[in-house]
Amino acid sequence: QVQLVESGGGLVQPGGSLKLSCAASGRTVSALAMAWFRQAPGKEREFVAALKRGMGTTYAANAVRGRFTVSRDVGKNTAYLQMNGLEPEDTAIYYCAASTGSPIVSSLKSASTYEYWGQGTQVTVSS
């Protein structure tokens, strides 16, 4: 059983930065495919970024590429989402997700790929 706990959300002005954390237990993060998704009010949950298990190759959605960076720290058993250049459109609840499988690249963007989810952390971008 894998448990995920997100933290680091909050209120930030446009152009600002936040770093979200996802602390994992029950499995080492290097043995998990991990991802970040977000859901804004009235919208469907959407893929943000992912890390493949093993080598940790990263992938990011077009909407955040160049602004957001996903990473992990095996020693802390934690995944991160560094968000720079935040825009009001980034306002959402951000969720960490994990899979014990080895999904192919095209599956990393699908929420159904992931068996485990955190509780979510609110990110609000507003002046």
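Predicted model: local features only at pLDDT ≥ 70, side-chain atom pairs only at ≥ 80, totals over all residues.
Local features need pLDDT of at least 70 and side-chain atom pairs count only at pLDDT 80 or more, while totals for chains, interfaces and linings use all residues. Residues are numbered from 1 along each chain as its sequence is written, and side-chain values use heavy atoms, leaving out hydrogens and water.

User: Happy to start with the sheet: in what order do its four strands lie?
Analyst: Strands here are DSSP runs of E, at least two residues, numbered from the N terminus. Two of them pair if DSSP finds at least two bridges between them. The sheet is open and its pairing is antiparallel, with the order E1-E3-E8-E7.

User: Which are the edge strands?
Analyst: Look for strands that pair on one side only.

User: How many bridges join E7 and E8?
Analyst: Strand E8 covers residues 78-83 and pairs with E7 in the antiparallel sense. Within E8, methionine 83 stands opposite phenylalanine 68. The number of bridges between E7 and E8 is six.

User: Now for the charged groups: how many salt bridges are there?
Analyst: Side chains of opposite charge can pair when their charged atoms come close. The rule asks for a side-chain nitrogen of Lys or Arg within 4 Å of a carboxyl oxygen of Asp or Glu. By this rule the count is three.

User: Is arginine 38 buried or exposed?
Analyst: Buried means under 20% relative accessible area, exposed over 50%, and partly exposed in between, with a 1.4 Å probe and protein chains only. Glutamate 46, which meets arginine 38 in a salt bridge at 2.6 Å, N to O, is partly exposed at 36%. Because its relative accessibility is 6%, arginine 38 counts as buried.

User: How many residues apart are arginine 38 and aspartate 90?
Analyst: Their side chains form a salt bridge at 2.9 Å, N to O. Arginine 38 sits in strand E4 (residues 33-39), and aspartate 90 in the loop between E8 and strand E9 (92-99). This pair links distant parts of the chain, 52 residues apart.

User: Nice! Which residues are linked in a network of salt bridges?
Analyst: Arginine 38 in turn meets glutamate 46. The network links Arg38, Glu46, Arg67 and Asp90.
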